[in-house]
Amino acid sequence: VRADDWPFGDRATGTWNGTRTTLDDRGIHLEANYTGEVFTLDDDAAAYHGNLDLLLGVDTEKAHLWKGGSILVYGQNGDGHGISDRLDFAMPVSNYEAPDFTQLSELWLYQELPYGVTLRLGKQDANRDFASPRFGGNFMNSSFGVLPTALIPSYPAPALGAAAFVETTKWLTLRGGVYEG
């Protein structure tokens with residue numbers, strides 16, 4: 001057993017006898033994550049919601065395609081029901097609460113250009129670049145996440161769009177985006 005393989009490594013399924021490492025070295029990253037949440041207020045108000053994320057990332061330079069690019073294919077499945085509707089809460093208890101769905105959530109190309117300019121084109125979640133609080137993901141309650149009145153495409157309904165980023169200095173990056181809807 002290799003020291004970086006299951007159960008000693010940082011991935012639940014290990015390195016697949018080195019196959020995962022070989023793919024990563026060639027610019028192909030595979031990931032599967034499942035988040036399950038159980039909520040209960042009392043015996044009459046209990047709920048479960050699960051979210052499965054499947055990601056395929058490609059570093060175009062490592063994959064010997066072209067320099068400075070990356071591609072993301074991101075599928076999701078949400079199942080179960082949250083507890084917020086049953087209790088008439090003004091805001092959801094969790095950022096994961098949503099009706100059941102299975103979808104291609106994101107499919108985009110990210111490309112680095114000269115002079116500190118980068119572009120992301122395709123179906124994407126604007127939270128990634130414009131509305132994700134730095135530490136909000138550490139908390140379960142949705143109050144620490146994105147404001148529900150923010151009119152940007154976000155979970156569970158990302159949209160087609162284009163985002164541009166210009167790194168003017170090491171401490172200042174300008175960002176802008178245009179999205180459908």
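Predicted model: local features only at pLDDT ≥ 70, side-chain atom pairs only at ≥ 80, totals over all residues.
Residues are numbered from 1 along each chain as its sequence is written, and side-chain values use heavy atoms, with hydrogens and water left out.

**Salt bridges**

Begin by selecting E106 and R128, whose side chains meet in a salt bridge at 2.7 Å, N to O; a salt bridge here is a side-chain nitrogen of Lys or Arg within 4 Å of a carboxyl oxygen of Asp or Glu. This pair links distant parts of the chain, with E106 in strand β4 (residues 101-112) and R128 in helix α3 (residues 127-131), 22 residues apart. Helices (H or I, at least four residues) and strands (E, at least two) are DSSP runs, numbered from the N terminus. E106 is buried at a relative accessible area of 3%, whereas R128, at 36%, is partly exposed. Buried means under 20% relative accessible area, exposed over 50%, and partly exposed in between, with a 1.4 Å probe and protein chains only.

Next select R120 and D129, where a salt bridge joins the side chains at 2.2 Å, N to O. R120 is buried at 6% relative accessibility, and D129 is buried as well at 11%. The structure holds two salt bridges.

**Two residues with positive phi**

Move on to H64 in the loop between β2 and β3 (69-80), which has a positive phi of about 60° although it is not a glycine. Is H64 buried or exposed? At 72% relative accessibility, H64 counts as exposed.

Then select Y115, which lies in the loop between β4 and β5 (117-124) and has a positive phi of about 65°, although Y115 is not a glycine. With a relative accessible area of 79%, Y115 is exposed.

**A cis peptide bond**

For the last stop, select Y155 and P156, which are joined by a cis peptide bond with omega at about 0°.
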